[in-house]
Amino acid sequence: MAYQTRGRDPFLDPGTAEMIEKRGKELLGLALICLAGMAGAMVLSYTPDDPSWMSATDAPVQNWMGRLGASIASPLFMIVGWGAWGLAIVLGAWGVRLALHRGEDRAVGRLIFAPIWVALLSLYASSLTPGEVWAATHSFGLGGLFGDTVLGTLLGILPVGASFGLKLLSIVLGLGVLALGAFVLGFTRPELLRLGRFLMVGLIMTYAWIMALMGRGAKGAVSAAQ
């Protein structure tokens, strides 16, 4: 004999479940934005003189994120150098996307390439000439040990001189950083077109504003001379 069983009602109705999911994504986005700010402060205030597990010193911590920030920044810079900025950029970009619900569905497929982008940033930084302060306080280039090692290998493979090869690689790596960065940060073609249009309009408006100020200044000078 078959018995009819009444289906159990869902714990939450679809509207409530969707609202909770949206608020959860927004909270996660805000958390990522906070982490991005902390990572950016840690990288920006990095100094090789800070105490860390690689440097034992009694000097006061200068890193804005304290001893923990100094302990993380030191090995991070040693490995990827200024490529460490990629960590803060990725966290901030996807934090904004989640908070504003702009392309959050692309997160998984794009973020898996984030380590490759950070490595590419490291290589590009290594192709740049470090300043006197950096050269005096570090035994590696702007891209860290990883960037220096891989870049040196690539220069050895290229069938051209080291000087020309370095300039060529710097251009190629710079273009690669921009292209892969746009992909990793979730940009689509329409978004890039809108961004380019916004920058172009902003540039034109800024130029018009400067010309207007110069025109007013010229009129004022003529009046003062008269």
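Here are a few notes on the aromatic contacts and one surface patch in this predicted model.

1. Ground rules first. Local features need pLDDT of at least 70 and side-chain atom pairs 80 or more, while totals for chains, interfaces and linings use all residues. Numbering runs from 1 along each chain as its sequence is written, and side-chain values use heavy atoms, leaving out hydrogens and water.

2. The whole structure has six aromatic pairs (Phe, Tyr or Trp rings, the six-membered one for Trp, with centres within 6.5 Å; planes under 30 degrees apart are stacked, over 60 edge-to-face, the rest tilted). Y46 and F77 are stacked, at 3.9 Å centre to centre and 5° between the planes. Y46 sits in the loop between helix 1 (14–44) and helix 2 (66–80), and F77 is in helix 2, 31 residues apart (helices are DSSP runs of H or I, at least four residues, numbered from the N terminus).

3. F77 is buried at 0% relative accessible area (buried is under 20%, exposed over 50%, partly exposed in between, with a 1.4 Å probe and protein chains only). F77 also pairs with W134, this time tilted: 6.2 Å and 45°. W134 belongs to helix 6 (residues 132–137), so this pair ties together parts 57 residues apart in sequence. W134 is buried too, at 9%.

4. Ring pairs join Y46, F77, W82, W134 and F140 into a cluster.

5. Check R97 as well: its charged end sits over the ring of W94, 5.7 Å from the centre (the cut-offs are NZ of Lys or CZ of Arg within 6 Å of the ring centre and within 35 degrees of the ring normal). R97 also lies over the face of F187, at 5.2 Å.

6. On helix 9 (residues 189–225) you'll find M214, exposed at 52% relative accessibility.

Conventions. Helix = DSSP H or I, 4+ residues; strand = E, 2+ residues; numbered from the N terminus.
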